[in-house]
Amino acid sequence: MAIPGAEDGGHALVFGSVVDGCLVRIHSRCLYGDALRSDDCDCGPELDLSMDLIQDAGCGVLVYLEQEGRGAGLVDKARGLRTSEVFGLDTFDSYERLGLCVDTRSYEHAARALLHLGLRSVRLLTNNPDKVRALTELGIAVTVIPLVTRPRSERARRYLEAKRRRRGHTLPAEDETWSGLGRSVRRFSSRRLTPGCWWRRLLAL
């Protein structure tokens, strides 16, 4: 299902017969992480884990939004990453150095798409409080399911820490372990998951 919006639109992929309380992932496009499998962020692992959980549950919704680079676009995102490398900054600081807004994304269109699907309550796969707020403001009851993925590189670890510190994401602090939050995700899976296999099953449909 197409989601209108020049800057915050995208598509909703519906798996199975969705009902209230189903799993939902709202995901901003990340070419580097989703397609090129970059180790610099957690976008690819979060998408893989979300889709594996939805497939395992038998139904759910992936809302995939065209919000590359937290809404800055691919070119400015690349500029921000380069600035981060040169000056040793996190991407939030590098955006500010370039005169960019650190995050221009809105999730209102995504929330309205879920309402259009008839959903009034969801289990939202997210660490981002802005996504929770967008849904609740439109009357959707949200149960938050944290997404815990282990950093695949030191740069990814620093990015996760920046998201926790700068944007209030539900992520372990540097001096905490990942095991506790990980259990909150694993309890929703009744069968053993094969990480990253969701796209193979999608192609087989």
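Tyrosine 107 counts as buried because its relative accessibility is 3%, where buried means under 20% relative accessible area, exposed over 50% and partly exposed in between (1.4 Å probe, protein chains only). Keep in mind that this is a predicted model, in which local features need pLDDT of at least 70 and side-chain atom pairs count only at pLDDT 80 or more, while totals for chains, interfaces and linings use all residues. Residues are numbered from 1 along each chain as its sequence is written, and side-chain values use heavy atoms, with hydrogens and water left out.

Let's stay with tyrosine 107 for a moment. This residue lies in the loop between α4 and α5 (108-116); helices (H or I, at least four residues) and strands (E, at least two) are DSSP runs, numbered from the N terminus. Beyond its neighbours within four places in sequence, tyrosine 107 is in contact with Ile26, Ser28, Leu65, Gln67, Asn128, Asp130, Lys131 and Ala134, contact meaning heavy atoms within 4.5 Å. Aspartate 8 is 99 residues away along the chain, yet its C-alpha atom is separated from that of tyrosine 107 by 7.1 Å.

Now for the whole chain. The protein chain has nine helices and six strands, and 48% of its 205 residues count as buried. Of the contacts between residues at least 6 apart in sequence, 68% join residues at least 24 apart.

Next, look for the aromatic rings. The structure holds one aromatic pair: phenylalanine 92 and tyrosine 159 are stacked, at 6.4 Å centre to centre with 15 degrees between the planes. Rings of Phe, Tyr and Trp (its six-membered ring) pair if their centres lie within 6.5 Å; planes under 30 degrees apart count as stacked, over 60 as edge-to-face and the rest as tilted. The pair links distant parts of the chain, with phenylalanine 92 in helix α4 (residues 91-97) and tyrosine 159 in helix α7 (residues 154-167), 67 residues apart. Both phenylalanine 92 and tyrosine 159 are buried.

Finally, visit leucine 74, which lies in helix α3 (residues 74-87). Leucine 74 counts as partly exposed because its relative accessibility is 36%.
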